[in-house]
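I keep these notes as I look things up, one topic at a time. The structure comes first.

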Amino acid sequence: MIHATAKIGNDVTLGENVVVEENVVIGNHVSIGHHVVIKKDTIIGNYVQIGDLTVLGKTTSSNKKMTRKPGQILNPLIIEDHVTIGCNSVIYRHVTLENGVFVGDLSSIREMVIVGEDSIVGRNAIVETNIKIGRRVTIQTGCYITADMVIEDEVFIGPCCSSSNDKYMGMGNYKHQGPIICKGAKIGNNATLLPAVIIGENAIVGAGSVITKDVPANKTVVGNPGKIIK
Amino acid sequence: MIHATAKIGNDVTLGENVVVEENVVIGNHVSIGHHVVIKKDTIIGNYVQIGDLTVLGKTTSSNKKMTRKPGQILNPLIIEDHVTIGCNSVIYRHVTLENGVFVGDLSSIREMVIVGEDSIVGRNAIVETNIKIGRRVTIQTGCYITADMVIEDEVFIGPCCSSSNDKYMGMGNYKHQGPIICKGAKIGNNATLLPAVIIGENAIVGAGSVITKDVPANKTVVGNPGKIIK
Amino acid sequence: MIHATAKIGNDVTLGENVVVEENVVIGNHVSIGHHVVIKKDTIIGNYVQIGDLTVLGKTTSSNKKMTRKPGQILNPLIIEDHVTIGCNSVIYRHVTLENGVFVGDLSSIREMVIVGEDSIVGRNAIVETNIKIGRRVTIQTGCYITADMVIEDEVFIGPCCSSSNDKYMGMGNYKHQGPIICKGAKIGNNATLLPAVIIGENAIVGAGSVITKDVPANKTVVGNPGKIIK
């Protein structure tokens, strides 16, 4: 089903049963897989590839217990040129995927997120809301990127890393703050980052480490709790 | 495809290519996304929202190596009023989602599970079989809830927590028992819970901790292995 | 949509809106769920069950920042007899699932992987490329199996285990090597395995452990970093 208000460019391949809702704009030289859902207002650039069974431009929802309500008016999802998105993924409204971004299968990116040029969001990685991800960042498979996080350029986050933003774990009405990962820092697989920790430029966090305090630039930290080893 | 035996209420929005199998009942004021599969016998209440590309009412399957066989006759999936379910999720038969429950995208809940009123099962959270989850519980993004677990009211489980129920890791034919998390307890992100541990009322488990023994009520435990700090 | 060149056997049940691309071969007594996508050249044996909303035979893609390019010509996906695959999963080309394999919902297996007879790839488990998985292996829910890993027969990997293959975390052009898990070894839930570690035959890795060095056969290792306890 292609809505009458949708605008579709030249050399666009649409799979079977693709749903294109109102006001969607699709550029030129684009390939859309089977059973894809492109929700209203989504803007897709040129040379974009979308895998099968993916949802683009989802609107936020919530229940009674959630403190962060989707009251805000959300902008459209913007997918710039040369972006590749996998199968069975879910990308929300008010996200910008800059030129050359790669998003793997079974991943999800919530509203109010920018993913910078040529960055990678791995398979099954889950990105929460209100996050700025820099350029040439690698977020590997299965990572959990909590809300209110900052990830600067050229950061590498290994598989299955986890982060959190609420040190009172739902107890109070405090401001949430996720970790801040500075330029070029590298996080080993399955590391755990506590709320608001700052990982300095080019710092290294060992695999499986639990980071409870800030890590200075250029230092290497390992263990539970993480300690500087060099 | 809507099967002739399905009963659909008033003010129901069905997306494109929705499959509604035999004996499904859908209440009033319900919104079902595109390409959703509602398998036979599923019962959906009023004011329910289902995201795109989700499967409701899946039947269990297994292979030769699995000890837990799906021999049992499973009841229908019951989705009560004001429930919200995300996109690309898979909910099995013999599950009850009570009033106001929220289930995120890319999540899965197996058979013989009850999720209590207003509780949250986060995005990409995976819930195994034979579990009672209380009311106003938060199971955050990417959690793994093993089979045979008990989660009481108002528990908070941070992102990416993991649990297990088989201390012999597939070696023998022992009874499995998952962790028991008592009322109001809070588990930090990426914590690891071993089989059958009891986390007492209002206890706190630090992020990245590995819990090998019971945690008394109101105590805080951190580290690997977890030790009481207050 | 069934492509004219596809060959479909006897007693095959196809769900609604199934897409079968060119040169697909499907055996006898097969059940395919709704909205399934079977991409070109995929070969499916007899007595196979495929859940709803699953993609079979995906081709690899990449972006500028990725070092591993999909230059190679990939063979078809081969699914042997009595295989069961869940819903919302994504299996690539150049994968062989041997007789009796079980793949859970929301899981993914990349190219150049063999899964041996009767093995289990759990729900939401993610398997990277270039891996040989033995027979009667259990990879539990939410595991992350990194590229260039070896998993011998009868290995048990608990839920949410994580592995990595690049000790320079994207810094250099070194050969990657994932862990090698020898016959009968057992890995506890949420354990972290560093690149190239060898887990000996029948060794046991405790839940939540971080394995930075080889583990000798028949030994048990726990903690962060992992130490031999017996």
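My entries on cores, a surface patch and salt bridges follow.

**Ground rules.** I am reading a predicted model, where local features need pLDDT of at least 70, side-chain atom pairs count only at pLDDT 80 or more, and totals for chains, interfaces and linings use all residues. Residues are numbered from 1 along each chain as its sequence is written, chains are lettered from A and ligands numbered from 1 in the order in which they are written, and side-chain values use heavy atoms, with hydrogens and water left out.

**Cores.** I looked up which residues touch the most other members of the largest nonpolar core. They are A:Ile199 and B:Ile199, in a core of 132 residues. A nonpolar core is a set of buried Ala, Val, Leu, Ile, Met, Phe, Trp, Tyr and Cys residues joined through side-chain atoms within 4.5 Å. Buried means under 20% relative accessible area, exposed over 50%, and partly exposed in between (1.4 Å probe, protein chains only). Beyond four places in sequence, A:Ile199 has contacts (heavy atoms within 4.5 Å) that include A:Ile180, A:Leu193 and A:Val215. Another core, of 51 residues, lies apart from it, with C:Ile85 and C:Val113 among its members.

**Surface patch.** I found A:Ile2, A:Ile8 and A:Leu14 in a nonpolar surface patch with about 210 Å² of accessible area together. Patch residues have over 30% relative accessible area and no salt bridge; like charges are joined within 9 Å, nonpolar side chains (Val, Leu, Ile, Met, Phe, Trp, Tyr) within 5 Å. The areas come from the Shrake-Rupley method with a 1.4 Å probe, and for residues only the protein chains shown count as cover. A:Ile2 is partly exposed, at 41%.

**Salt bridges.** How many salt bridges does the structure hold over all chains? I note 27, each a side-chain nitrogen of Lys or Arg within 4 Å of a carboxyl oxygen of Asp or Glu. One of them pairs C:Lys39 with A:Asp52 at 2.7 Å, N to O. C:Lys39 is in a loop of chain C and A:Asp52 in a loop of chain A, so the pair joins two chains. C:Lys39 is buried at 16% relative accessibility, and A:Asp52 is buried at 2%.

B:Lys58 and C:Asp105 form another salt bridge, with the closest N and O atoms 2.6 Å apart. That pair also crosses between chains. B:Lys58 is buried at 8%, and C:Asp105 at 1%.

I also looked up C:Asp41 and C:Arg93, whose side chains meet in a salt bridge at 3.0 Å, N to O. The two residues are 52 residues apart in chain C, and both are buried.

Methods
Helices (H or I, at least four residues) and strands (E, at least two) are DSSP runs, numbered from the N terminus.
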